[in-house]
Amino acid sequence: MSSIKDVGKAVDYPGLDRVADPLSNAVRRAYEAAGPIGQQAKNALHGVWLGHPLHPVFTDVPIGAWTTALALDAAADGDPGMHRAATFALGVGLVGAAGAAVSGLTDWSETDGRSRRTGLIHGLLNIAATSLVAAAYVRRRSDSHSGGRALAWAGYTIAVGSAYLGGDLVYGQRIGVTHAAVDDPDAFTPVAPAAELPDGTMKRARKDDVDVLLARQHGRLCALAHPCAHLGGPLSEGTLKDGSVVCPWHGSEFALDDGHVINGPATQAQPRFDVREQGGAIEVKAGEHV
């Protein structure tokens, strides 16, 4: 375990950015070059349609399938049927690994700094693990079970080590979880003078622990949590579009009326507030989150 933690510490080496940054930019440019179809594919791979990242859905498949394969091998005792079942399980895991790679690469391209470096090492380890398991699958299909078993165990060991870094990305660096933490007031609370928000504008308003984005458009007043759900970007510094706001950091787009995600990389809706004008002030209180 100490060696795995040493790998985790290696992500503080800034030299990794010389590889990570150009690769991340290339992934984003590839989606942009495909136009609207590329944006739709990117949203699908982020998991916008699912309401949370798609990547974790796939990651369970290879680990589970490969664990099953190794367990079947251990219990086979020369039974060819058990060996065939183990080989099939390796193949199922490879399919899941492909889905995890594509969705993970898409999510990773919208990270920065230490998270981007961690994700790079995580991805390279997974490529190594998948390559070893793929070689094992090919050898086993050629009836070389002993050599295939050794390759599979090597790939599985690397995959488990890589999972440590995946856990750090989620639980330590909060990648894939909402950053739009809000303190919802139970009663309407004034946050800004109404005169400070002309039609067709937006602004950040803060009162105590309430941090809110206010927008007035076509005479309608809307209020969302200010930190972007993706990685906490300042929405007030983004772009106000007709009916939506675009985060300045990674381009997540949210509907002003209810906060639902129009375009990723965010997958969770932006929390919204109930909002009203009273006595020359804009007031907000806890709203229903989509």
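1. Basis. The model is predicted: local features need pLDDT of at least 70, side-chain atom pairs count only at pLDDT 80 or more, and totals for chains, interfaces and linings use all residues. Residues are numbered from 1 along each chain as its sequence is written, and side-chain values use heavy atoms, with hydrogens and water left out.

2. Overall form. The chain contains seven helices and 10 strands (DSSP runs numbered from the N terminus: helices are H or I with at least four residues, strands are E with at least two). Its C-alpha atoms fill a box of roughly 80 × 40 × 40 Å along the principal axes.

3. Burial. Of the 290 residues, 46% are buried, that is, under 20% relative accessible area with a 1.4 Å probe, protein chains only.

4. Charge. There are 25 positive and 31 negative side chains, and the centres of the two sets lie 6 Å apart. Lys and Arg count as positive, Asp and Glu as negative, while His and the chain ends are not counted; each charge is placed at NZ of Lys, CZ of Arg, CG of Asp or CD of Glu.

5. An open sheet. Four strands follow the order β5-β6-β7-β8 with antiparallel pairing (two strands pair if DSSP finds at least two bridges between them). β5 (239-241) and β8 (261-263) stand at the edges with a single partner strand each, so one side of each lacks a neighbour in the sheet.

6. Inside the sheet. Strands β6 (residues 244-246) and β7 (residues 253-255) run antiparallel and are joined by three bridges. Val246 has Glu253 in β7 as its bridge partner.

Note on methods: Buried < 20%, exposed > 50% of the residue type's maximum accessible area, 1.4 Å probe, protein only.
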